[in-house]
Amino acid sequence: MQLASTILIDGLIDASWIFIVAVGLTLIFGVLNILNIAHGNFYAIGAYVAANAVGIYYSGSNPPMLGLLAMTGAALAAAIVLGPLLERGLLRFFYHRDEIVLVLVTYALFLILEDATKLIWGVNPYYAYEPYSLFGNVNVGRMNYVGYDFFLIGLAVFIGIVLWLGLNRTRSGKVVLAVIHDREMSSAAGVNVTKIFVIAFTIGVFLAALAGAFTAPKISVQPGLAVMVVLLSFAVVVIGGLGSIEGAAIASLIVGLSRALAIHLAPWAELFIVYLVMAMMLAVRPQGIFAPTALRKI
Amino acid sequence: MRSAFWRVLGLASCLAVANFLAPPAPAQEKDKVFKLGIVTFTSGPGAESFGTPGWNAAKRLIEAFNRGGELPAPYDKIGFGGRKVEVSVIDESGGTTKQVQELRNAFDRDNFDAIIGYISSSNCLAAAPVAEEMKKLLILFDCGTPRIFEDREYQYVFRNSSHATMDNVAIVRYLQKRKIKLATAAGINPDYAYGRDNWKDFIQSLQKVLGTKTGSELWPKFGAGQYGTEISALLQTNPSIIHTSLWGGDLQAFILQAAPRGLFKNRLVAIMAGDHVLHPLGKRMPEGVIIGARGVGGPFAKQSALNDWLVASTQKHEPGVLPSQAHYRMTQSVLGLKSAVEKAMAANGNKRPTTEQIAAALRGLEWDTPSGKIKMALGNGHQAIQANAIGVTKWDQKLNRMIVTDVEVFAAECVNPPAGIKSEDWIAQGFPGAKCD
């Protein structure tokens with residue numbers, strides 16, 4: 001019983017982190033049709049700016065809980081600067097080219113941002129550990145957890161609900177869905193597709209940066225954060241279906257619980273379990289669990 | 001389209017002709033410098049703890065050599081035997097295929113006289129046969145896997161620091177010496193050559209010496225960063241001791257996530273060669289952790305003129321930083337190369353020695369370093385051994401930093417296998433020939 005609850009909780013904690021990390025990637029793919037390899041860089045930049053913000057915020061005698069807002073603000077600032085700059089300054093020039101060209105462009109962006117991050121923050125580690133102790137510790141049976149990890153589960157649920165409601169229950173969201181389904185028709189109907197692209201890309205960058213910001217208290221922020229995040233996000237997006245928020249949520253749960261099961265019951269399988277699930281999904285349902293219905297133009 | 005083709009062809013032809021007509025560097029000029037390449041992580045997760053400190057140490061040492069007279073004798077001569085040293089860095093990131101190509105380029109295209117490099121065991125295993133095939137001098141400086149010189153013989157490849165077997169054997173000898181009883185041992189190690197070799201050496205030594213049973217074995221990916229589930233699994237199985245060879249950012253993340261969950265309470269945690277996280281983590285590093293530095297360096301270093309120079313040089317350029325194992329291992333590697341080049345020159349009538357002459361001089365060499373005496377005792381004189389120190393972390397209020405206490409120093413011959421036997425067999429046979437008194 002204790003083992004089962006531990007696996008479930010570990011799986012949920014892992015899944016929440018994976019969802020926050022991957023949902024931005026799936027949103028960008030859904031709207032802009034770009035498989036953004038630089039997604040991990042936005043995560044890393046979010047971690048760095050949050051570490052800076054936490055350092056500044058907690059050096060004063062400010063209310064500790066509001067440090068979480070400082071982290072969110074830092075991620076938002078990074079997204080507002082980077083999102084429009086990269087979408088308008090780089091990506092838009094390649095929208096009419098082959099999809100593979102866009103993948104190569106974002107790969108180049110990944111390499112550039114990797115070095116730019118090092119140029120700005122150097123190679124020495126940054127720490128943002130203060131928020132990690134904000135929620136104390138929680139005992140579940142004999143197992144001790146850090147409360148912050150449960151906060152991350154709540155944050156993931158909150159982000160998922162806000163995104164789903166935003167897309168499905170608001171006028172702006174429905175316009176975005178229209179662009180996802182058919183950008184040419186949306187444009188012909190008077191939708192400002194350019195504006196939607198900038199906003200969607202910036203929200204995707206914000207979600208990646210937010211994931212980095214809220215992971216920062218658990219890690220030492222230093223070069224190399226981007227790579228692992230990209231691989232994991234791709235796995236989640238492939239399993240869930242490219243461009244599907246619901247798919248990303250279910251895929252994160254599958255990946256998180258599979259990893260927890262493997263680590264507790266068969267540690268030798270931990271390394272490949274995520275990719276095994278991905279391979280099985282590709283074999284059985286190549287379009288992923290929740291891939292949007294493909295339209296056929298006549 | 002066709003005109004673009006002719007423009008590109010024309011440009012390429014011009015460049016080729018320009019390259020052909022450019023005067024070659026005069027032989028005399030080339031002879032005046034020793035071209036040394038340093039391969040280390042300047043990007044990625046290995047940069048902060050090992051790559052950058054290693055490169056900084058090499059650069060500062062070479063600068064001091066080129067000025068001359070700054071280090072204590074016998075390292076006070078200018079450059080390598082009077083020849084100035086030109087040093088460049090190559091990034092170790094990108095995987096083994098890239099590294100093999102980079103190594104070929106370094107020797108074939110950039111004409112380096114020697115390369116000192118590699119932190120990753122996988123890169124060491126891939127690069128060593130290439131240097132051997134090219135008949136070029138390669139000195140491995142940091143990677144820990146013992147397999148390099150145990151699986152085959154080399155003429156041109158050396159490792160001027162001990163391999164990781166001694167980290168594990170020294171920890172087990174430490175536990176034995178301190179009469180610590182352990183029922184079960186669990187491990188969390190990175191899933192590549194270094195982590196696998198470390199765990200195998202540790203658990204086999206522990207079973208041999210203390211009869212400890214094996215608990216869970218966890219293998220997170222290098223660079224994983226998230227260890228919540230692994231920590232739960234370790235808490236769930238509740239072993240008497242946890243062994244880890246995680247390093248750099250991974251080790252820091254593991255400690256930051258494990259300490260608040262009480263993993264370091266009521267059980268021992270042994271971190272192989274983990275001294276490099278003491279300074280960056282500061283007070284967040286738990287007390288009572290068994291730790292080493294693969295050698296008598298870092299927090300274990302003994303006072304000497306050479307060590308004083310290294311500490312002063314590091315603190316001058318990196319204020320507040322105490323040199324850790326990457327500084328020490330790079331320093332001893334460069335000092336070994338300098339000693340070998342100068343020995344080879346002396347034997348060659350003070351003329352520029354060939355690669356073969358330098359290799360012959362380095363084979364079986366002994367030299368002094370900030371971390372004590374280094375002896376090329378294994379792998380037919382190509383693999384170094386050195387003494388090793390183990391201690392326990394403790395926060396020092398006065399110094400305002402983490403220090404190591406209850407330190408035990410083990411002789412090189414006590415924690416390294418003798419020549420002619422593989423580490424694995426040496427451990428399995430109960431450490432025959434070990435000299436521990």
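What follows is a list of stops, each with something to select.

**Before you start.** This is a predicted model, where local features need pLDDT of at least 70, side-chain atom pairs count only at pLDDT 80 or more, and totals for chains, interfaces and linings use all residues. Residues are numbered from 1 along each chain as its sequence is written, with chains lettered from A and ligands numbered from 1 in the order in which they are written.

Stop 1: Select chain B. Its C-alpha atoms fill a box of roughly 75 × 60 × 45 Å along the principal axes. The radius of gyration, taken over C-alpha atoms, is 23 Å; this agrees with a compact globule of 437 residues, which would have a value near 22 Å (the globule rule is 2.2 Å times the number of residues to the power 0.38). Colour by secondary structure to see 16 helices and 15 strands. These are DSSP runs numbered from the N terminus: helices are H or I with at least four residues, strands are E with at least two. Buried residues make up 54% of the 437 residues in chain B. Buried means 20 or more other C-beta atoms within 10 Å of the residue's own; exposed means 12 or fewer, and partly exposed lies in between, with C-beta atoms placed from the backbone.

**Stop 2: the two domains of chain B.** Colour 32-162 + 302-385 as domain 1 and 165-301 + 387-428 as domain 2. The bounds come from an automatic or database domain assignment. The contact between them takes 30 residues from domain 1 of chain B and 28 residues from domain 2 of chain B. Contact means C-beta atoms, placed from the backbone, within 7 Å. The largest share, 4 residues, comes from β12(B). The C-alpha centres of the two domains lie 26 Å apart.

Stop 3: Select residues 388-396 and 401-410 of chain B. They are strands β14 and β15, which run antiparallel and are joined by 8 bridges. Strands pair if DSSP finds at least two bridges between them. Asn388(B) has Phe410(B) as its bridge partner. Now look at the turn, with 4 residues between the strands. Asn400(B) there has a positive phi of about 60°.

**Stop 4: where the chains meet.** Show both chains. Here 35 residues of chain A are in contact with 34 residues of chain B. On the chain A side, α1 (2-32), α4 (99-121) and α9 (225-240) are among the elements that each supply at least two residues. The most, 6 residues, come from α1(A).

**Stop 5: the nonpolar core.** Which residues touch the most other members of the largest nonpolar core? Select Tyr43(A), Ala50(A), Ala75(A) and Ala209(A), from a core of 221 residues. Such a core is a set of buried Ala, Val, Leu, Ile, Met, Phe, Trp, Tyr and Cys residues joined through C-beta atoms within 7 Å. The largest share of this core, 18 residues, comes from α1(A). Centre on Tyr43(A): it touches Val21(A), Ala209(A) and Leu225(A), among others.

**Last stop: Leu104(A).** Find Leu104(A) in helix α4 of chain A. Is Leu104(A) partly exposed or buried? Leu104(A) is partly exposed, because 14 other C-beta atoms lie within 10 Å.

Notes:
Contact = placed C-beta atoms within 7 Å. Lists of a residue's contacts leave out its neighbours within four places in sequence.
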